[in-house]
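Please examine the structure shown below.

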Amino acid sequence: MLLRLKMADQKNYGGGGRKQFVRTKVPAAESVSAAVILVLLVVIGFAVWHKGKVFDPNLYAVRTDALKSTVLAVEGKNGTAPTAAETTPAAAEAPKAVTEKTTGADEPAPEGGAEGSATPNPAEKGVPLEISLTGTKPMGDTEFYTADSLYEKIDGRAPAYQSFNVVALRCRSFAVNAAPGSYVDVYEYRFDNPVDAFGMFALERDPKGKPLEIVADGYAADMGYFFRQGAVYVQIIASDTKPETLAKAKSIADIRAKDLPADDTGLAGRRKLPADGMIADSVAYVPENAQGQSALKEVFQAKYKFNGAEIPFFVMVASADEAAKAWQLFQDFCSKFGTTENLPDVNGGKIFRAQVFGKWKVVYQREGELGGVFDATDEAKARAFIEKYLRGEIK
Amino acid sequence: MSASNPSESPVNRREFLVRLGLTGALIAGSGLAAKKLWQPNHFVPGFEKEKGLQLRSYAPEISKVMPSLAIAHGTEHEKTIRAAMGLLGGMERFIQRGDVVMIKPNVAFDRPPALAATTHPDALRAVAKLCFEAGASKVIVADNPINSPTGCFFKSGLTAVAAEMNLDLMYPETNSFAPLSLDGEVLKEWTFFNTPFKKANKVIGLAPCKDHNLCHASMTTKNWYGLLGGRRNQFHQHIHSIVSDFALMMKPTLVILDGMNVLMSNGPTGGRLSDVKPMNTIVAGTDMISVDAYGYSHLLERDIAELTYLHKAQERGLGNINWKDTLYKEVTV
């Protein structure tokens with residue numbers, strides 16, 4: 001409301017004979033401002049009333065888990081993530097597994113916690129890792145970590161996993177009854193998709209590992225078993241090389257590989273890598289910009305022993321149009337920095353070879369599949385490898 | 001303007017002054033009340049500003065005749081560590097009768113010894129034995145793994161050694177920490193695992209030699225990271241700076257680098273025996289930068305030029321990266 005002040009010209013009001021001021025006109029701007037203020041007051045009042053009506057009593061409730069975290073940090077310890085049994089009544093009451101199977105293996109991973117989430121979910125949310133295997137006994141509760149809290153378990157190694165979009169880790173240790181003091185650690189890193197799980201798995205691959213038959217991507221190492229199943233990268237690490245310990249580690253690996261759901265989404269390229277002559281520890285995943293080409297994405301590559309030479313081979317699966325376009329772009333790129341030549345088609349695959357900076361590339365495209373040999377020193381062997389592959393003679 | 005409108009009734013000077021005075025008094029009263037209610041020294045218990053501690057130096061006197069670096073090659077921990085210490089003049093040069101010795105191992109993870117991610121129990125056993133032989137009255141073993149100290153000590157095999165050797169195994173408790181003040185490059189004020197230092201008068205760092213995902217290598221200098229509390233992972237952003245700060249923070253009596261089995265890849269956790277390479281070497285010395293320089297170039301077999309934190313430490317005068325320029329001795333057992 002406008003304040004209007006008028007000082008009347010009346011001596012009995014104590015004017016003291018001074019000249020009187022009488023306001024006779026209110027400017028339009030002042031009237032408009034007053035109206036805006038009035039409207040704002042009404043809006044604010046309504047907003048306060050509405051907020052009060054829909055008030056969430058938990059909005060300012062004490063989050064004890066947050067306080068716990070703060071206290072631990074101040075005291076210098078982040079501590080172990082509380083176990084599901086401590087924090088999840090349902091989980092605590094869940095019956096233990098009664099057969100040689102895991103429970104919760106097919107359950108969804110601990111939710112959220114991915115980097116960037118507005119409210120990281122507490123690490124304690126998760127399904128306990130129960131493995132009922134004769135001759136083993138859990139050494140403690142299941143531990144749960146999110147991407148944000150992963151450093152609490154693996155400290156400086158965590159960034160490597162985060163770079164592949166790890167979502168959660170759950171882990172537990174199992175004592176081996178037949179070998180006092182021996183145990184098996186089970187780590188299950190869940191990633192956002194199978195491709196990322198494969199990427200981390202490939203990064204840490206043991207060059208001496210022996211391929212596992214139970215899963216497509218897995219190997220046995222001297223002291224454990226490592227494999228990818230779906231979006232989960234599983235590490236089963238024995239405490240020593242005693243036969244009893246290794247036997248239990250193997251049994252646990254079998255159980256987990258069986259119970260975790262298989263999912264190879266995005267790994268079609270991986271399936272295209274032939275097994276014949278593959279050097280076991282050489283498989284790698286390049287999410288983007290493979291061979292320096294922006295069009296080459298989600299590429300899988302490996303090295304092969306072929307006719308006495310070591311042949312680096314890559315493959316990508318996309319739509320037929322994308323593959324054709326990428327093939328042409330790659331050839332254009334090679335022609336800028338070297339020489340290229342189209343070769344006769346083989347079994348539906350068109351091929352070019354290129355010599356760039358003294359190294360040979362032989363690249364093919366067949367429908368939605370693009371692949372080739374790169375950085376080869378022997379052009380004839382590189383070409384022979386591709387032609388045999390396209391004819392299905394290398395499987 | 002209509003004279004009948006009350007809102008437009010005239011206000012005389014007296015009434016105006018009265019109103020003005022009342023308004024002023026109201027504002028002044030509000031200000032006084034606010035000032036009285038305001039607590040300039042308000043603090044939340046536990047968060048008050050504290051003056052941090054500064055660690056004393058535990059370093060021995062610099063000798064111009066005794067070596068500051070010893071390299072011993074052998075296949076057994078105890079023999080090789082004895083040989084290295086022998087080159088330095090024996091453990092008696094560093095530990096005297098009645099000393100309380102704190103050994104700081106690297107027990108960051110709950111990994112079995114064979115994976116070389118933690119201080120090997122045989123190394124701890126040998127060093128503790130030498131300390132007792134030199135007359136130490138007590139040997140404390142302390143580290144602050146972020147995750148489950150009991151699990152880490154147990155699985156690394158150090159709990160068993162502590163029990164066997166009657167060592168004082170000191171786990172980090174909630175009251176084990178105190179604020180530390182340091183004029184470091186990034187380490188200024190931070191919570192620190194202080195309790196062991198209240199009791200010990202000698203400090204020995206006993207670290208494995210291993211690859212590290214973030215800072216290339218974890219050896220004797222990086223080992224002191226385990227004394228920090230709080231959410232220390234935030235230092236990962238400045239890993240080389242913080243590690244070089246440890247050479248300023250800690251002036252130990254002695255450091256020993258266990259290079260018998262070196263974690264060459266996938267560090268700092270490892271997980272596969274194929275990551276581990278037997279190098280059969282123990283490096284001991286009074287200058288952790290020299291010790292680590294040897295470890296990086298000769299045990300991890302990498303180019304010292306890339307290990308930024310050692311260069312940072314050297315530039316600040318905290319150690320000598322050119323270990324060959326120091327007084328050193330080498331022996332094969």
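In this predicted model, the buried residues of helix α3 of chain B are covered by elements that include α2 (77–87), β2 (100–105), β3 (138–142), α5 (158–165), β7 (202–212) and β9 (254–263) of chain B. The helix itself spans residues 121–133 and has 13 residues. From its first C-alpha to its last it reaches 18 Å, close to the 18 Å expected at 1.5 Å a residue. Its buried residues are B:A123, B:L124, B:R125, B:A126, B:V127, B:A128, B:L130 and B:C131. After α3(B) comes B:G135, with a positive phi near 110°.

Leaving aside residues up to four places away in sequence, B:V127 touches B:I81, B:I103, B:I204, B:L206 and B:I256. B:V127 also belongs to the largest nonpolar core, which has 188 residues. Within that core, the members that touch the most others are B:A84, B:V101, B:I103, B:V127, B:V141 and B:I256. The core also draws at least three residues from each of domain 2 (66–259) and domain 3 (268–390) of chain A. In soluble globular proteins, nonpolar side chains tend to be buried together.

How far can the prediction be trusted here? For chain B the average pLDDT is 91, and 93% of the residues score at least 70. For the complex, the predictor gives an ipTM of 0.76 and a pTM of 0.70. Where pLDDT is low, the predicted coordinates should not be read in detail.

Chain A may be described next. Its secondary structure comes to 11 helices and 17 strands, and 39% of its 395 residues count as buried. Among contacts in chain A with a separation of 6 or more, 59% are between residues 24 or more positions apart.

Strand β14 of chain A, residues 338–346, contains A:T339. Is this residue buried or exposed? A:T339 counts as exposed because it has 10 C-beta neighbours inside 10 Å, and a residue with 12 or fewer is classed as exposed. When residues up to four places away in sequence are not counted, A:T339 touches A:A354 and A:Q355. The C-alpha atoms of A:T339 and A:R353 are separated by 8.4 Å, although the two residues are 14 apart along the chain.

The backbone has some further points of interest. Most residues other than glycine have a negative phi, and most peptide bonds are trans. Against that background, A:Q291 has a positive phi near 55°. A:Q291 is placed in the loop between β11 (284–286) and β12 (299–306) of chain A. This residue is buried because 20 other C-beta atoms lie within 10 Å, and 20 or more is the requirement for that class.

A:E367 likewise has a positive phi, of about 50°, and is not a glycine. It lies in the loop between β16 (359–366) and β17 (369–376) of chain A. A:E367 has 13 C-beta neighbours inside 10 Å and therefore counts as partly exposed.

In chain B, a cis peptide bond joins B:G267 and B:P268, with omega about 10°. B:P268 is found in the loop between β9 and β10 (276–285) of that chain. Strand β9 of chain B is also among the elements that cover the buried residues of α3(B).

Technical notes:
Residues numbered from 1 in each chain as written. Chains lettered and ligands numbered in written order. Predicted model: local features only at pLDDT ≥ 70, side-chain atom pairs only at ≥ 80, totals over all residues. Helix = DSSP H or I, 4+ residues; strand = E, 2+ residues; numbered from the N terminus. Expected span 1.5 Å × (residues − 1). Contact = placed C-beta atoms within 7 Å. pLDDT = per-residue confidence, 0-100. Core = buried A, V, L, I, M, F, W, Y, C linked by C-beta atoms within 7 Å. Domains from an automatic or database assignment.
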